[in-house]
Amino acid sequence: MSALDADALQAFFAGLDNKNLQVEAMTAELEQKIKEMVKRNKKRAKFMERLVSLLQEYNSGAHDVDQIFDDLIALAKDLSEEEQRAVREDLSENELAIFDLLVKENLNPDEVAIIKGATHELLINLKPLLVPHWRDFETNRAGVKIAISDVLFTKLPEPAYTEKECELKGFEVYNFVYENYRDARALGGAH
């Protein structure tokens, strides 16, 4: 799917007798791809919302089969683009997921660079704390919460981030780490 050739797909699609089956197959493939991407980064849920919206429009008769296929191709292209974003941002997939939780609108390039640095430092600081079964013990969970708060409160740029925002971002990051990282191996090689 990443090496999606939209023109070849459209040419193939134009020659099919049963276009509805092709739309169903492509929808299933996109849905699976989006689910995998959302597991790694919650901010990608917008792609699933977009897919659902396209299918609702199609099912309501607002779009014909050729239009839905064009829309699905455009969505697939955007998914490929999103997969390349970590590389463009010079972040690992894990760093990008945390970065997306921390970043907000209207930041200047220096502030964005500071957040990237904070993200990198955060994952380095978390790695030794994410011991197997860390979620089962209050002291381990508290250590992770403190490590997150320490980085966010000292590294997120002021005045762009208020104390309250640091606190809320800390909750978001902790919940993400809790849900996604059973232990440090899940972090892979933080670069």
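Because the model is predicted, local features are reported at pLDDT of at least 70 and side-chain atom pairs at pLDDT 80 or more, whereas totals for chains, interfaces and linings use all residues. Residues are numbered from 1 along each chain as its sequence is written, and side-chain values use heavy atoms, with hydrogens and water left out.

The secondary structure of the chain consists of eight helices and zero strands, where helices (H or I, at least four residues) and strands (E, at least two) are DSSP runs numbered from the N terminus. Of the 191 residues in the chain, 39% are buried; here buried means under 20% relative accessible area, exposed over 50%, and partly exposed in between (1.4 Å probe, protein chains only). Among contacts (heavy atoms within 4.5 Å) between residues at least 6 apart in sequence, 70% join residues at least 24 apart.

In soluble globular proteins, nonpolar side chains tend to be buried together. A nonpolar core is taken as a set of buried Ala, Val, Leu, Ile, Met, Phe, Trp, Tyr and Cys residues joined through side-chain atoms within 4.5 Å. The largest such core holds 32 residues, of which Ile98, Leu126, Leu130, Val144, Ile148, Val173 and Val177 touch the most other members. At least two residues of this core come from each of helix H5 (93–102), H6, helix H7 (138–155) and helix H8 (163–180), and the largest share, six residues, is that of H5. Valine 173 touches Ile98, Leu101, Leu102, Leu122 and Ile148, residues up to four places away in sequence not being counted. A second, separate core of 18 residues includes Val23, Leu51, Leu75 and Ala76.

The structure holds four aromatic pairs, defined by rings of Phe, Tyr and Trp (its six-membered ring) whose centres lie within 6.5 Å, with planes under 30 degrees apart counted as stacked, over 60 as edge-to-face and the rest as tilted. One of these joins tryptophan 134 and tyrosine 174 edge-to-face, at 6.2 Å centre to centre and 85° between the planes; tryptophan 134 lies in the loop between H6 and H7 and tyrosine 174 in helix H8, 40 residues apart. Tryptophan 134 is buried, with a relative accessible area of 0%, and tyrosine 174 is also buried, at 10%. The rings of tryptophan 134 and tyrosine 178 have centres 5.8 Å apart and planes at 80°, so this pair is likewise edge-to-face. Tyrosine 178, by contrast, is partly exposed at 32%, and Trp134, Tyr174 and Tyr178 form one aromatic cluster.

Asparagine 106, in the loop between H5 and H6, has a positive phi of about 60° although it is not a glycine, and is exposed with a relative accessible area of 78%. Histidine 133, in the loop between H6 and H7, has a positive phi of about 65° and is exposed at 56% relative accessibility. The peptide bond from glutamate 158 to proline 159 is cis, with omega near 0°, and proline 159 is placed in the loop between H7 and H8.

Glutamate 111, in helix H6 (residues 109–126), touches Asn106, Pro157 and Ala160, not counting residues up to four places away in sequence. Glutamate 111 is buried yet has no salt bridge, the nearest side chain of opposite charge, lysine 104, being 8.0 Å away. A salt bridge is a side-chain nitrogen of Lys or Arg within 4 Å of a carboxyl oxygen of Asp or Glu; for charge, Lys and Arg count as positive and Asp and Glu as negative, while His and the chain ends are not counted.
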